[in-house]
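This report describes selected parts of one protein chain. It covers backbone angles, a helix and a sheet.

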Amino acid sequence: MLLGCIGDDFTGSSDLANTLAKGGMRVTQYSGVPSGAAEPGVEAGIVALKSRTIPPAEAVALSLAALDWLVDQGCRQFLFKYCSTFDSTPEGNIGPVIDALMQRLGTDRTIVCPAFPATGRSIYQGHLFVGDRLLSESGMEHHPLTPMTDADLRRWLAPQTKQGVGHVAATTVFQGGPAIMDAMAAEAAAGRPVVVVDAIRDADLMAIGQAARGLRLLTGGSGIALGLPDNFRAENLLASEPSTWIGSDGPAAILSGSCSTMTRTQVARYAETSPALEIVPDRVMAGEQSPDGAVGWALEQTDGVPLIYSSADPEAVKAAQRHFGRDALAARLEEFFAETARQLCAAGVTRLVVAGGETSGAVVEGLGLSALAIGPEIAPGVPAVKASDRPLWLTLKSGNFGDADFFQTALGVLKGEHHDV
């Protein structure tokens, strides 16, 4: 194994796996820290954790356990992957995990770059944009767990880390890999070793990849990995062969627990023509809606693939959190979708589209999926995946990814239909 990756959620990890697989690496995504050695031939291993919104100390412990396993597999370089919208709070978990990984690896600098231009995420003058809006004006300021109210990554990261936060501006990035390397060295020497690097184009990410050739640890969104396969290829270390994707035309279902703007658009579009059941948090907490009832409803549908969703508007989510408690409500809904997925698969569903990072993590854990093979890209950052130990094909989508027709497209790709992104 050449590249060892730690993802702080499942959808982000499959996003990263998609990027590396497209770059020509043999990629396997693991659900949690594996108990044994990796299979021979894996060039990039991604340990997908569910650590984005747990207490910082727990996130650090999980991340270090993943790092230790990846070190044991012989990895030369490591990547800590978080969301391209930098989902975190002033306490963490991005900063504390970066500090811990740097200390364990003994490295004196690292890159911070969640940019992903293909999905509209760019960094300019240290500020993160979503399309033409600052992150703090993109809708992410209403996120129920990690409201992003400041687009300045340096300012947002500073209280999370014990180290100084530096910056490499776009004008330097445009000059290429060597200029980025020199600027990073200068920032580290000035006591700012955690370096936010601007990127507004894929070409910038490729240059950052070149600059990272000798770097022990990188951190960022999946876009940070764009240039990494070429580094290993230049050393004649890759021996990948293309794999053939074979889908399934078996029964399907869609589960959505994301409240993001795009997912709500996708839900509304899909529900115009297909069966859809809304899961209302108040009713779940009162015991009026259960996985048994949702699955029973889904199995009765004969006119289209059923969608089961809990994607309320931000104000409704905030009201429910105030009433029931944020953590209690999140845990209850995640278990709801995990149990629903278990029952659907037990009833014969072989294609499962899941929207939302926390929901996807709950479903993967609930189904006990240990490893996922990476298939074709459905939308930028979203691949089709297949369980390694059973006939189950999945899509695990971060909330804001995909276009309005994503659900319909994903069902087709899981079925084996050709799709051009």
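## Terms and basis

Buried means under 20% relative accessible area, exposed means over 50%, and partly exposed lies in between (1.4 Å probe, protein chains only). Helices (H or I, at least four residues) and strands (E, at least two) are DSSP runs, numbered from the N terminus.

This is a predicted model, in which local features need pLDDT of at least 70 and side-chain atom pairs count only at pLDDT 80 or more, while totals for chains, interfaces and linings use all residues. Residues are numbered from 1 along each chain as its sequence is written, and side-chain values use heavy atoms, leaving out hydrogens and water.

## Backbone angles in two loops

Most residues other than glycine have a negative phi, and most peptide bonds are trans. Asn-236, not a glycine, has a positive phi of about 55°. Asn-236 sits in the loop between helix 8 (228–234) and strand 12 (252–256) and counts as exposed, at 70% relative accessibility.

Phe-86 also has a positive phi of about 55°, but Phe-86 is buried, with a relative accessible area of 0%. Phe-86 lies in the loop between strand 4 and helix 3. Asn-93 is in the loop between strand 4 (77–81) and helix 3 (94–105), and the peptide bond from Gly-92 to Asn-93 is cis, with omega near 15°.

## Helix 6

Helix 6 is followed by Gly-191, whose phi is positive, near 85°.
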